[in-house]
Amino acid sequence: MPAFSSALRSDDPPLLTTWSAATPQRGYALATRLYPWFGWAAVVLCTLGLFVGLVLAPTDPHQHEHYRIAFIHTPALWLSVAIYFATAIAAGCSLARRQRFLSMFASALAPTGAMFAFLALWTGSLWGKPIWGTWWIWETRLTAELLVLFLFLGYIALQEAIDDARRADRASGLLALVGAFGLPLLYFSIIHWSAMYGNAPRGLAAPGNPIITMGLLLMGLGLFAYTVAATLARLRNVILKRERNSEWVARNFGARS
């Protein structure tokens with residue numbers, strides 16, 4: 001396989017100077033250059049975050065050691081919601097501007113968002129068990145996160161179920177946009193519903209402490225770097241799969257399939 005830079009000709013314009021100039025070929029080039037750097041940044045930042053969270057952070061007198069799961073749960077929850085809205089924005093821009101690259105980017109983002117949504121729910125149940133005495137309760141944050149997971153799974157299912165990539169992008173993009181507009185309404189509906197039928201006996205929250213805050217921020221940055229690395233690595237595969245019959249793929253990666 002040739003070096004990635006050879007995927008572009010010497011007279012091609014600079015990589016992704018603007019989103020309007022984004023093309024699969026330039027996107028592949030940029031993703032290949034950047035994803036190793038973000039991968040190493042994720043390793044360093046997550047290692048520091050876990051060291052702060054598991055070694056330096058003090059024991060909480062009320063939650064004891066159970067709260068330490070927040071160093072995974074809280075950043076995973078933050079990122080799952082942020083990735084969902086980023087997926088919806090990319091899919092919406094793709095629909096509005098007929099930009100194939102943005103739809104590829106959205107489809108590369110969604111699996112990582114689904115993974116973080118599942119991770120937030122799983123660790124939330126593990127954290128809630130000693131606090132609430134049960135694995136699950138219809139607590140506002142966890143219930144909203146369950147809806148985010150369902151939206152991600154719906155988006156991915158539409159992408160996989162429809163053979164035509166353009167139709168799949170339109171259907172999944174519309175679902176992502178509906179979810180993006182509907183999620184705030186659903187969130188406040190859950191708060192209203194919880195107020196009517198009873199709240200959780202105690203919310204899941206990490207204790208207020210500068211060391212704990214630093215650990216959460218380090219883990220958040222580390223998982224963000226992982227998100228970028230995983231998305232860029234997956235984007236390369238999505239681009240090659242959809243562009244397998246194009247001239248630039250045949251020129252750089254062999255005969256057309």
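## Ground rules

Since the model is predicted, local features need pLDDT of at least 70 and side-chain atom pairs count only at pLDDT 80 or more, while totals for chains, interfaces and linings use all residues. Residues are numbered from 1 along each chain as its sequence is written, and side-chain values use heavy atoms, with hydrogens and water left out.

## The overall fold

You're looking at a chain with seven helices and zero strands, which reads α-α-α-α-α-α-α from the N terminus on. Helices here are DSSP runs of H or I with at least four residues, strands are runs of E with at least two, and both are numbered from the N terminus.

The chain has 257 residues, and buried ones make up 45% of them. Buried means under 20% relative accessible area, exposed means over 50%, and partly exposed is in between (1.4 Å probe, protein chains only).

## Three salt bridges

Side chains of opposite charge can pair when their charged atoms come close. A search of the whole structure turns up three salt bridges, each being a side-chain nitrogen of Lys or Arg within 4 Å of a carboxyl oxygen of Asp or Glu. Arg 68 and Glu 65 make one of them, at 2.4 Å from N to O. Arg 68 is buried at 13% relative accessible area, whereas Glu 65 is partly exposed at 42%.

Another bridge joins Arg 100 to Glu 243, with the closest N and O atoms 2.3 Å apart. This pair ties together distant parts of the chain, 143 residues apart: Arg 100 sits in helix 3 (residues 100-132) and Glu 243 in the loop between helix 6 and helix 7 (247-253). Glu 243 is buried at 9%, while Arg 100 is partly exposed at 35%. Then there's Asp 169 with Arg 242, whose closest N and O atoms are 2.8 Å apart. That one links helix 5 (Asp 169) to helix 6 (Arg 242), 73 residues apart. Asp 169 counts as buried at 13%, and Arg 242 as partly exposed at 27%.

## A positive patch

On the surface, Arg 98, Arg 166, Arg 167 and Arg 170 gather in a patch of positive charge. Patch residues have over 30% relative accessible area and no salt bridge; like charges are joined within 9 Å, and nonpolar side chains (Val, Leu, Ile, Met, Phe, Trp, Tyr) within 5 Å. Lys and Arg count as positive and Asp and Glu as negative, with His and the chain ends not counted; the charge is placed at NZ of Lys, CZ of Arg, CG of Asp or CD of Glu. Arg 167 belongs to helix 5 (residues 165-197) and is partly exposed because its relative accessibility is 49%.

Leaving out residues up to four places away in sequence, Ala 180 touches Tyr 84, Phe 85 and Ala 88.

Over in helix 6 (residues 210-242) you'll find Leu 221, and Leu 216 is in helix 6 too. Leu 216 is buried at 11%, whereas Leu 221 is partly exposed at 48%.

Methods:
Accessible areas come from the Shrake-Rupley method with a 1.4 Å probe; for residues, only the protein chains shown count as cover. Contact means heavy atoms within 4.5 Å.
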